[in-house]
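I opened my notebook to write down what I looked up in this structure.

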Amino acid sequence: MDRGRKGKEKEKRKWIKNKEIFNKVNIMRACLRCKYLTSEEKCPLCGSETSENWRGLLIILDPTNSEIAKKIRADVKGKYALTVKW
Ligand SMILES: [Zn+2]
């Protein structure tokens with residue numbers, strides 16, 4: 001009986017953690033030039049302005065071997081937005 005309750009508690013904690021991650025992603029900003037996702041006002045890669053108005057999340061793990069990375073001209077691994085607007 002006790003076990004079931006603990007399981008629910010665990011689920012709840014997991015959910016809260018997911019929400020935290022979601023919020024973190026939500027406050028991310030995307031660079032207007034290279035689309036790199038950052039929490040900074042300026043892009044750490046190219047120094048351009050960043051915007052909160054972005055859509056789509058792209059994670060580049062291996063920029064040298066990724067076709068998508070070439071397409072969006074990403075040469076640093078990390079998270080990128082698909083579209084960025086002011
Ligand atoms: Zn940039």
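The entries below go from the whole chain to single residues.

**Entry 1: ground rules.** I noted that this is a predicted model, in which local features need pLDDT of at least 70, side-chain atom pairs count only at pLDDT 80 or more, and totals for chains, interfaces and linings use all residues. Residues are numbered from 1 along each chain as its sequence is written.

**Entry 2: confidence.** I looked up pLDDT, the predictor's confidence in each residue, from 0 to 100. The chain averages 86, and 87% of the residues score at least 70. Among the elements, helix α1 (residues 2-26) has the lowest mean pLDDT, 72, while β3 has the highest, 96.

**Entry 3: elements.** I counted two helices and five strands. Both are DSSP runs, numbered from the N terminus: helices are H or I with at least four residues, strands are E with at least two. Along the sequence the pattern reads α-β-β-β-β-α-β.

**Entry 4: the sheet.** I asked in what order the strands of the open sheet lie. The order is β2-β1-β3, and the pairing is antiparallel. Two strands count as paired if DSSP finds at least two bridges between them. The edge strands β2 and β3 (50-51) each pair on one side only. β1 and β2 pair over two bridges, and A30 has L37 in β2 as its bridge partner.

**Entry 5: burial.** I wrote out the rule: a residue is buried if 20 or more other C-beta atoms lie within 10 Å of its own, exposed if 12 or fewer, and partly exposed in between, with C-beta atoms placed from the backbone. Buried residues make up 15% of the 86 residues in the chain.

**Entry 6: the core.** A nonpolar core is a set of buried Ala, Val, Leu, Ile, Met, Phe, Trp, Tyr and Cys residues joined through C-beta atoms within 7 Å. The largest one here has 10 residues: A30, C31, Y36, L37, C43, W54, A74, Y80, A81 and V84. The elements giving two or more residues to this core are β1 and β5, and β5 gives the most, with three.

**Entry 7: contacts.** Of the contacts with a separation of 6 or more, 36% join residues 24 or more positions apart. I also looked up Y36: leaving out residues up to four places away in sequence, Y36 touches C31, C43, L45, G78 and Y80.

**Entry 8: two positive phi values.** K35 has a phi near 70°, positive although the residue is not glycine. K35 is in the loop between β1 (29-31) and β2 (37-38). R73 also has a positive phi, near 60°, and is not glycine either. R73 is in the loop between α2 (67-71) and β5 (78-85). Which of the two is buried and which exposed? K35 is buried because it has 24 other C-beta atoms within 10 Å. R73 is exposed because it has 11.

**Entry 9: N53.** N53 lies in strand β4 (residues 53-60). Why is N53 counted as exposed? It is exposed because 12 other C-beta atoms lie within 10 Å. Not counting residues up to four places away in sequence, N53 touches K85 and W86. The C-alpha atoms of N53 and M28 are separated by 9.6 Å, with the two residues 25 apart along the chain.

Conventions: Contact = placed C-beta atoms within 7 Å.
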